[in-house]
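Biologist: Could you take me through this model, and tell me the rule behind each label you use?

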Amino acid sequence: MSEVASASGCADPLEEIASDGDWDGDELRTSKNKVEGGGGGGGDADDFDAWMKSRQLLKPDDQLDLTEAELGEEVTKVLTPTNTNVIRNLVVYSFKEGEFVLAPVPGNTVTLIAFPGNSLHIDSEEGRRQIEESDEIGYPLPMPNYTVVEQREPENVDGEEGEGEEDDDGANAKEGGAEEEEVEEEDDEEAKGTEGDEGEGEGEAEGGAVRAEDEEHAQPVAAASSKKRKLINQFNYCERGALTYSNPKRNVDTQTIPPPRSQFGANVLQWVIYDSYMENFEEQQRDGSKKEDRKRGRREKKFRDKSAIAEQLNKKYLKCWQILERMINQNIYDDIAHDYRYWEDPADEFREGEGNLLPLWKFQYDKTKKMNVTDILFNPSYYDLFAVCFGSHDFMKQTNEGYLCLFTVKNPSFPDYIIQTDSGVMCCDIHPTYPFLAVIGLYDGNVAVYNLREDCKEPLYVSKGVNCKHGECVWQIKWGLDMTDGEVNFFSVSSDGRVFNWILMQNKLWVTTIITLYRENGLVDGPDGTKVSLKSGGSCMVFHPVDNKVFLVGTECGYIYKCSTAFSSKYLMTYDAHNMSVYRIDFNRFNSNIFVSCGGDWRVKVWEDMRPDPLFIFDLGAAVGDVKWAPYSSTVFAAVTTEGKVHVFDLNVNKYKAICVQAVVPKRKNKLTRLAFNEKLAFIVVGDEKGVTTSLKLSPNLRMMVKPPKKQLYLDQTTLQIAKLEKLLSLVRELPEGSVVPDAATTVRS
């Protein structure tokens, strides 16, 4: 039994273990009996059964029971080379085309590793050809990568050795396989030869035949331990001699034009030498002065450059500090900021026809504490930014300076822009198209234009000379529409009774008199018996919102003149408005034929264009400093009085009295002078005589919107506001039958 196993090459594994010498004979026999399962007793068989039972397959309870037909059914799965992870509709931006274009779809092939090789198989045609070439030239050709194959002579070709030599040959075969690391095919053939059933002789005979055939084709070196010659790869081989380049010799000649020659002859005397030295000394002095001038110029330029850099850094630092200051103030006034945006008075639900005002921030500047707020205006482009003018309304208490400060609700503690003047600032206006252009009128009759984007210390334009200014205080100033050639212009009115048109030329202001305000039937006898026409001092002005050529001018005599910029000989209309000076006029935002006026006679009057009598008259019990229509409603307007109160009217709710009267400042110590509505949010800003500007939030009853009818839900708020005002005017108009109210933009009356 052992002989058969040895001949076939399948020896007992337990005998092999015993041959190593680790176990003794008794232990070996005991283990063998346990494995074979005989003669060892019942306990060994039970252990084997338990061991086999523990390795049986367990079937889950929820496993499907399939029939033999279902189990034998072939399930076909198709494997496609399409990569499902590739995005098909990817677009990228092309800077050449200037638009997004489709990106090319990548291929479905995914390369995991790519390694270029230059080895040649020894049996290939190219390998054989290179071996022959290397034999012809007598030395092996260089090759970057080659395979080394070690060859040995077979010991037993006839196969006549016995079993004892067979083990040695097997060991030699194993050693040969370890040495031949790079030729795996020959090792496999030798291994098959040693494991065959016919013994070591036949395997070695076959191996010898294979090696003989290789010797006929490849012709290797005849040493057993010699290495194969290097094979040349025809694709990446080149000789060193082919890389050497010999530069040809060249002759380069250069020829230049010879310098000019001249002959000079003179007698060298003492005074000639002296004069030459003096001329040379003067030239050196001139060169030295030029160098000093250049150095001085460089120093001045360097100083200017440093000053400009420092100024730019200061501007950047100032911008950063402004942002930081706004953040701190928003944290400090967080409660007021929430009220400014979201406050709704719940008590208005129980007050029918009445409302109130919620005080928010107070804006003031330390240098303007004793000045009057002469004008307030919101920026047309930035709803949170408003301009405040500081001057004096008292002729006997005029200051030597004035200020125009631009405040923002984002930073109530300090103005964002400060403009200082040599005289009190009485009025201002901001251009509707260019919100950085601000024009101001001064108490001394001059006007100035400032660019807020640049330095506010110096004006961009300023009036100069006696003839290029007003004779008295400038009470109101307004930007006009750009002229046909694109020139920017504005208008101003003054107590001297003249309305000027100022045009911003390239280097100066060009002034033109639009109209001189004379009283109607104001001819009186002069000292010499001649007739003299009396002038009316202008106090305010406002342009028509539809027709930019028509404007209204209020005078100190209480009249309101309707004028036109087309001609200055006559008035279009004269309104006998007030018994004292007219302080402010404002057009309705939804109907350009309706305007409101206020004056020092304690009254506020609502007018319709081309009607000599007012539609509404309200007595507020004190001089009214300012009145404005609300931008969100066609029937709401507000006024401020010298008693320190704010009056808010809604003609649709009450046509006889205000729906809100609220004191803002103390009555005896302070007076309110100016008022302005915010264009976007429902709050107002009022100014007093102590240089303080207060912001107030309107309660819901003061800013009620019109609800559309159920059958007309498509109507917008503007249409509803116009219809509401027309319905109100139809109740107060007293027109004869058949008469029609003419349009203000087209009617001209002498």
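Modeller: Gladly, and let's begin with accessibility: buried means under 20% relative accessible area, exposed means over 50%, and partly exposed lies in between (1.4 Å probe, protein chains only). This is a predicted model, so local features need pLDDT of at least 70 and side-chain atom pairs count only at pLDDT 80 or more, while totals for chains, interfaces and linings use all residues. Residues are numbered from 1 along each chain as its sequence is written, and side-chain values use heavy atoms, with hydrogens and water left out.

Biologist: Then why is glutamate 126 called buried?

Modeller: Glutamate 126 has a relative accessibility of 18%. The limit for buried is under 20%, so glutamate 126 counts as buried.

Biologist: What makes the contact between glutamate 126 and arginine 129 a salt bridge?

Modeller: A salt bridge is a side-chain nitrogen of Lys or Arg within 4 Å of a carboxyl oxygen of Asp or Glu. Here the N to O distance is 2.6 Å, so the pair of side chains meets that rule. The idea behind the rule is that side chains of opposite charge can pair when their charged atoms come close.

Biologist: Where do glutamate 126 and arginine 129 lie?

Modeller: Both are in helix H6 (residues 125-137), three residues apart, about one turn of the helix. Helices here are DSSP runs of H or I with at least four residues, strands are runs of E with at least two, and both are numbered from the N terminus.

Biologist: Which residues are linked with one another in a network of salt bridges?

Modeller: Glu126, Arg129 and Glu133. Arginine 129 also meets glutamate 133, at 2.5 Å from N to O, and these two are four residues apart in helix H6, again about one turn.

Biologist: Are arginine 129 and glutamate 133 buried, exposed or partly exposed?

Modeller: Arginine 129 is at 33% relative accessibility and glutamate 133 is at 32%. Both values fall between the two limits, so each residue counts as partly exposed.

Biologist: How many salt bridges does the rule give, and how do you know that aspartate 293 and arginine 296 form one?

Modeller: The count comes to 14. For aspartate 293 and arginine 296 the N to O distance is 2.9 Å, which is within 4 Å, so the pair qualifies. The two are three residues apart in helix H10, so about one helical turn separates them. Aspartate 293 is partly exposed at 45%, and arginine 296 is partly exposed at 38%.

Biologist: Why can leucine 313 belong to a nonpolar surface patch?

Modeller: Patches are made of residues with over 30% relative accessible area and no salt bridge, joining like charges within 9 Å and nonpolar side chains (Val, Leu, Ile, Met, Phe, Trp, Tyr) within 5 Å; the areas come from the Shrake-Rupley method with a 1.4 Å probe, and for residues only the protein chains shown count as cover. Leucine 313 has 37%, so it passes the accessibility limit. Leucine 313 is found in helix H10 (residues 270-332). The patch covers about 1,000 Å², and its members include Ile309, Leu313, Tyr317 and Trp321.

Biologist: What makes a space a pocket?

Modeller: On a 1 Å grid over the protein atoms alone, a pocket is an open set of points with protein on both sides within 12 Å along at least five of seven lines, where a cavity is a set of points where a 1.4 Å probe fits but cannot get out; lining residues have an atom within 4 Å of a point. The largest pocket holds about 1,400 Å³ of space. Its lining has 45 residues, and Asp429, Lys478, Trp479, Val542 and Phe543 lie nearest its centre.

Biologist: Which element gives the largest share of the lining of the second largest pocket?

Modeller: H10, with nine residues.

Definitions and conventions. Grid points are joined across faces, edges and corners, and a volume is the space filled by probe spheres set on the points.
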